[in-house]
Amino acid sequence: RLCQNRARTGQVVEPVLEIIKESPVASGPPGTIEDFTVTISHAGTSTATAHDLTIADLLGDPNLTLIPGTVTTSVGTISGGNDSGDTEVSLSHLALAPGETVTVTYQAIVNPSAAAGVTVDTPATINWDSTPGPGGRVASDSDPEPFVTSTPEVDLAITIEEASVITITDTELVYTVIVTNNGPSTANGIEVV
């Protein structure tokens, strides 16, 4: 008997995603407000829809605080980030077909009291599945966007509110001295004379 071996060929159908987290500034004084853009797209080798996509940016660094109400997304529903006290930007349970892209933007403020030379780093992550619902192959990707604090910068202003004009002699006059820090960094050791 003659046996024949036939090579079988096929195509692997698998979603492969990549995440890119960007900010237009890589360093600045404490108190800087950073604008972040997180983009999720299919890599060149991706051949299928990614299911159960979860996007998360846990702002766990004590020197970075999310500004609530600044989170936007091009696709899906925001499940975390726009309420007071939120510490995570998140979207979940999305499906992303080949060629589709999700863009998430938000703002965060670098701790105004941080010292110079502090690296603030909070990577954004994505998780996805190769099939909808339970099962399938789970995969993930992450991308950091570090920010390094430079020398703190403060902009102090002082004003004096005069008491109303009084023509009576020997009357106590009250003045209000207002000192304002227009930032962005915390001003320490202020003395008003």
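Start with S90. This is a predicted model, and in it S90 has a relative accessibility of 11%, which is under the 20% cut-off, so S90 counts as buried. S90 sits in strand β8.

What does S90 touch, leaving aside residues up to four places away in sequence? The list is I55, A56, T77, I78, S79 and G80. One of these, G80, is also the bridge partner of S90. Strands β7 and β8 run antiparallel, and two bridges join them.

Next, the sheet. β7 and β8 belong to an open sheet of five strands, ordered β7-β8-β4-β11-β12, with antiparallel pairing. β7, residues 78–80, and β12, residues 138–143, are the edge strands, each pairing on one side only. From one strand to the next, the twist averages 20 degrees.

Now I55, which was on the S90 list. With the same exclusion of residues up to four places away, I55 touches I40, V89, S90, L91, L94, V102, T125 and I126.

That brings us to the nonpolar core. The largest one has 26 residues, and those touching the most other members are L17, I40, L53, I55, Y106 and I126. Which elements give two or more residues to this core? They are β1 (17–22), β3 (33–42), β4 (50–58), β5 (64–66), β8 (88–96), β9 (101–110) and β11 (124–129). The most comes from β9, with five residues. As general background, nonpolar side chains in soluble globular proteins tend to be buried together.

Finally, the chain as a whole. How many helices and strands are there? The chain has zero helices and 15 strands. Its radius of gyration is 27 Å, whereas the globule rule gives 16 Å for 193 residues; the value is well over that, so the chain is more spread out than a compact globule. Along the principal axes, the C-alpha atoms fill a box of roughly 125 × 30 × 25 Å.

Some totals to finish. Of the 193 residues, 31% are buried. Taking contacts between residues at least 6 apart in sequence, 71% join residues at least 24 apart. The accessible surface comes to about 11700 Å², and carbon and sulfur atoms account for 52% of that.

Key. Residues numbered from 1 in each chain as written. Predicted model: local features only at pLDDT ≥ 70, side-chain atom pairs only at ≥ 80, totals over all residues. Heavy atoms only, no water. Core = buried A, V, L, I, M, F, W, Y, C linked by side-chain atoms within 4.5 Å. Buried < 20%, exposed > 50% of the residue type's maximum accessible area, 1.4 Å probe, protein only. Helix = DSSP H or I, 4+ residues; strand = E, 2+ residues; numbered from the N terminus. Contact = heavy atoms within 4.5 Å. Pairing = 2+ DSSP bridges. Axes fitted to C-alpha atoms, helices over the stretch in contact; angles between N-to-C directions. Rg over C-alpha atoms; globule rule 2.2 N^0.38 Å. Areas by Shrake-Rupley, 256 points an atom, 1.4 Å probe, with all protein chains shown as cover.
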